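Here is a friendly briefing to read alongside the model. Please keep the sequence and the 3D view open as you go through the points.

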Amino acid sequence: MREKLRRFMIGRYGTDGLNQFLSIASLVLLLIAIVSRVSLFTWLGVALLVFCYYRTFSRNISKRTEENYKFYTLKDRVGSKFRSWKEQWANRKVYHYYRCPQCHQKLRVPRGRGRIQISCPRCGTQFIKKS
Ligand SMILES: [Zn+2]
C-alpha cells in the first residue's frame, strides 16, 4: 500500500504552504457549517478540500509552485497590513494618522498640537489638519 502510494506520487506536486492553509480553511468552514447549519459553508469547505487534493496530485508542478508563491506574497501583504493596523491602534492616543490627499501615503502626526500644516514626505503636498 505504502509502495503503491509512493509510486502514485512520483511526478506529482505533493503538499505545500498553500495546501496546508487550504486544508485548515476547509476544516474551519466545515466546522462552521456544522455549528451554523448553513449549507453554503459545507460547499465552500468541500470546494477548498477538492482544490487542495487537486493541487497535491497535480502533475503541473511549475504552475502549483507559482500558486504557492502568490499565496505567500499575499500572506505577507495581509500580515504587514495587519501589523500596521495593530501599531496604529496601539499608538492612537499619541499619534493621529492621515492619508495624503494627493498620493494616499499614510502619515503620522503627534496629537495635541492644534491645527498644523502637514507636508507629505513622498509627494510634497501640504495640507492643514487638526492634530
Ligand atoms: Zn503625498
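Helices here are DSSP runs of H or I with at least four residues, strands are runs of E with at least two, and both are numbered from the N terminus. The model is predicted, so to speak of a local feature a pLDDT of at least 70 is needed, side-chain atom pairs count only at pLDDT 80 or more, and totals for chains, interfaces and linings use all residues. Residue numbers start from 1 along each chain as its sequence is written, and side-chain values use heavy atoms, with hydrogens and water left out.

- UniProt, in an unreviewed entry, lists residues 21-51 as "transmembrane region"; its positions are given in the numbering used here, feature names are shortened, and annotations may be inferred rather than shown by experiment.
- Ile24, Val28 and Ile32 make a nonpolar surface patch of about 250 Å².
- A patch gathers residues with over 30% relative accessible area and no salt bridge, joining like charges within 9 Å and nonpolar side chains (Val, Leu, Ile, Met, Phe, Trp, Tyr) within 5 Å.
- Accessible areas come from the Shrake-Rupley method with a 1.4 Å probe, and for residues only the protein chains shown count as cover.
- Ile32 belongs to helix α2 (residues 17-36) and is partly exposed, at a relative accessible area of 34%.
- For such labels, buried means under 20% relative accessible area, exposed means over 50%, and partly exposed is in between (1.4 Å probe, protein chains only).
- In the loop between α2 and α3 sits Arg37, which has a positive phi of about 60° although it is not a glycine.
- Arg37 is also exposed, with a relative accessible area of 75%.

- The protein is divided into domain 1 (2-90) and domain 2 (95-130), with bounds that come from an automatic or database domain assignment.
- Taken over C-alpha atoms, the centres of domain 1 and domain 2 are 40 Å apart.
- Lys129 and Glu3 are separated by 126 residues in sequence and by 69 Å in space, C-alpha to C-alpha.
- Lys129 lies in strand β4 (residues 126-130) and is partly exposed, with a relative accessible area of 33%.
- His104 is found in the loop between β1 (95-99) and β2 (106-110); its phi is near 65°, a positive value in a residue other than glycine.
- At a relative accessible area of 52%, His104 is exposed.

**Helix α1**

- Zero of the eight residues of α1 are buried, so this helix lies largely in the open.
- Arg7 and Glu3 form a salt bridge, with 3.3 Å between the closest N and O atoms; the term means a side-chain nitrogen of Lys or Arg within 4 Å of a carboxyl oxygen of Asp or Glu.
- Because Arg7 and Glu3 are four residues apart in helix α1 (residues 2-9), about one helical turn separates them.
- An α-helix has 3.6 residues a turn, so residues three or four places apart point the same way.
- Arg7 counts as exposed at 55% relative accessibility, whereas Glu3 is partly exposed at 38%.

- How many salt bridges does the structure hold? There are seven.
- Asp16, Arg55, Arg64 and Glu67 are linked in a network of salt bridges.
- Within it, the side chains of Arg55 and Glu67 meet at 2.6 Å, N to O.
- Arg55 lies in helix α3 and Glu67 in helix α4 (residues 61-90), so this pair ties together parts that are 12 residues apart in sequence.
- Glu67 also forms a salt bridge with Arg64, whose closest N and O atoms are 2.9 Å apart; both residues lie in helix α4, three residues apart, about one turn of the helix.
- Arg55 counts as buried at 0% relative accessibility, and Arg64 is buried at 3%.
- Thr56 lies in helix α3 (residues 39-56) and counts as buried at 14% relative accessibility.
- A polar atom of the Thr56 side chain lies 2.9 Å from the backbone oxygen of Cys52.

Key:
A polar contact is a pair of N or O atoms within 3.5 Å; within protein, one must be able to donate a hydrogen and the other to accept it, and residues adjacent in sequence count only if both atoms are side-chain atoms.
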